[in-house]
Amino acid sequence: MKKMGEDTESCSRLFLAKTLLSSSCVLFLLAGILAGYLLLAPNKALPVAAKPGKNQQIQHIAQRYLGDLLQQNYSAMWTLLHPDLQRMWPDKSAFSTYLYQRFHALRLKSFKTGQVSDLSFWTNPETMKQYNHVSTMPVSLDVEPADGSATGNSSATTSQIQQLFRNLPFMVQYTKPEAGQGGNGTWRILDGGPADLEAPILPPAIPITKKITVPILMYHYISTVPARDKANPHSYRPGLSVSPTVFSQQLDYFTTLGYHSITFNQLFDALYYDGPLPTRPIIFSFDDGYVDAYTNAYPILKTHGYSGMFYIITGKVGWEGQASWSQLQEMAANGMQMGSHTIDHHPIGDVWQRSPSTARDELERSRQDLEGHLHMVIQQFCYPSGDPLNKNPNLTITQIQIAAVMSLLQITGYVGAVNDPRVDSSSQDSSKPYIMHRIRVIGSETIENFKKEMAAFVS
């Protein structure tokens, strides 16, 4: 009996040792997988719940800032901004004038704040400056037109306006006193949610006419031309392809001239509400959402401190040669802008001619897909192949298609659209928001020829 007991105890110990060894191996394997993910994961800022004390402090500054917005106490709001944001404005008066013009036709009823979370970094798309260790929370604004109807030249209903101002990011960073200055640090606002320049655009209640000069460059591929396309005299690819080397040289050229990239929100803020712009603003736009937008265009832009607008064909995301949703998410998290290029890239005027409901679905569903995957408001559009703007404008059918498509753009939540230019122009007109002019960049040209092409549009 004693021998049997000893055998049983020995087996138990052996079993326990094997169990502990197996558990250690599993934990070691999991640790290795986690380490590998952290090293190889895309450059995305993952939210982490903030500590309770910090949560209360950030809630307090949000309550102050949004409360002052409701009370039109814009001077008090100014004092809460991060110094970098203050430097984007000529002065406090310009900031106050902008907010008044933006909101005076709306009734701001109340606001709600959500849960605070921490981000390892955040990139301001207006300046492309990265801020480390920031905190964010969603804020929503209960708003309606002051007269109870839709806003001026917008068809948006009250419910649509409220949806636009729901769960917008409110971003803050803790700033320490400068060297030699006493006192405690303080929280400063980096993104003011509904009061930020990147908040959703609503056309003004009373349409205005204003023109400003902003070159919007139009690119497709940022890659070398494949050998088969070089050998094919009928290939379209050489005319649409700018090599990464030449593209980098082009950005060097604009940097030397003192140009700063802006977002489309900044452009429309300037057109509608006298929002601030840098001395030499420029927009780089890229059609179709090819994979080289992620592998080439995005890192070169980021290296130069420039943002870009990428028009995505949502039905082709993830196809061979096209960027994936995870790649687009990383780009958006690092200051890149996104717009719709429909679902299938079919000429939208022709689609409307065959079926108005299908055309509406192309516009509506592509915007919804982008918003669902990228968690950002999408208000900008790019006409596939320039249709119907590229057709004979003297034909009645062309005029009908243009009017119909622009009406659908307004109904489905877009505030602006860019053309595929027949005639290059850098003049942007607030009275023609669905015809933002672009300058086509010719593929396979040298930097010397590019500079000659740009001479008429840049200073």
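## Backbone exceptions

Histidine 133 sits in strand β4, which covers residues 130–145. In this predicted model, histidine 133 has a positive phi of about 55°, although the residue is not a glycine. Most residues other than glycine have a negative phi, and most peptide bonds are trans.

The peptide bond from aspartate 387 to proline 388 is cis. Its omega is near 10°. Where is proline 388 placed? Proline 388 belongs to the loop between β15 (380–382) and α15 (396–411).

## Helix α9 against α11

Helix α9 spans residues 244–257, and helix α11 spans residues 292–304. The two pack at an angle of about 25°, and their axes are 10 Å apart. Angles under 35 degrees count as roughly parallel, so α9 is roughly parallel to α11. Their crossing is right-handed.

Which residues make the contact? From α9 come Pro244, Phe247, Ser248, Leu251, Asp252 and Thr255. From α11 come Asn296, Ala297, Ile300, Leu301 and His304. By class, the contact of α9 with α11 holds six nonpolar residues, four polar and one charged.

## Helix α9 against α16

Helix α9 also packs with α16. Here the angle is about 45°, with the axes 10 Å apart. The helices α9 and α16 are therefore oblique to each other. The crossing of α9 past α16 is right-handed.

On the α9 side, the contact uses Gln249, Gln250, Tyr253 and Phe254. On the α16 side, Ile447, Phe450, Lys451 and Met454 take part. Five of the residues in the contact of α9 with α16 are nonpolar, two are polar and one is charged.

## Helix α14 against α15

Helix α14 covers residues 356–374. It packs with α15 at an angle of about 45°. The axes of α14 and α15 are 10 Å apart. The pair α14 and α15 is therefore oblique. The crossing of α14 and α15 is right-handed.

What does each helix bring to the contact? Helix α14 supplies Pro356, Ala359, Arg360 and Leu363. These meet Val405, Leu408, Leu409 and Ile411 of α15. The contact of α14 with α15 has seven nonpolar residues, no polar ones and one charged.

## The second largest pocket

The second largest pocket has a volume of about 300 Å³. How many residues line this pocket? The lining has 16 residues. Nearest the pocket's centre lie Tyr221, Tyr236, Arg237, Tyr290 and Gln322.

Six of its residues are nonpolar, four are polar and six are charged.

Rolling a probe the size of a water molecule over the atoms shows where empty space is left. How many cavities of 30 Å³ or more are counted? The count is two.

The largest cavity holds about 100 Å³ of space. Its lining includes the aromatic residues Tyr65, Trp89 and Phe95. Leu81, Leu85, Met88 and Leu197 also line the largest cavity, as do Gly192 and Ala195. Glu126 and Asp196 complete the lining. By class, the largest cavity is lined by eight nonpolar residues, one polar and two charged.

The second largest cavity holds about 30 Å³ of space. Its lining consists of Asp424, Ile439, Arg440, Val441, Ile442, Glu445, Glu453, Met454 and Phe457. Which elements each supply at least two residues of this lining? They are β18 (439–440) and α16 (447–454). Met454 lines the second largest cavity, and Met454 of α16 also takes part in the contact with α9. The lining of the second largest cavity divides into five nonpolar residues, no polar ones and four charged.

Conventions:
Residues numbered from 1 in each chain as written. Predicted model: local features only at pLDDT ≥ 70, side-chain atom pairs only at ≥ 80, totals over all residues. Heavy atoms only, no water. Axes fitted to C-alpha atoms, helices over the stretch in contact; angles between N-to-C directions. Helix = DSSP H or I, 4+ residues; strand = E, 2+ residues; numbered from the N terminus. Parallel < 35°, antiparallel > 145°, perpendicular 65-115°, else oblique. Left-handed = near helix turned anticlockwise from the far one by under 90°. Contact = heavy atoms within 4.5 Å. Nonpolar A, V, L, I, M, F, W, Y, C, P; charged D, E, K, R; others polar. 1 Å grid on protein atoms, 1.4 Å probe; cavity = no way out; pocket = protein on both sides within 12 Å on 5 of 7 lines; lining within 4 Å. Points joined across faces, edges and corners; volume = space filled by probe spheres on them.
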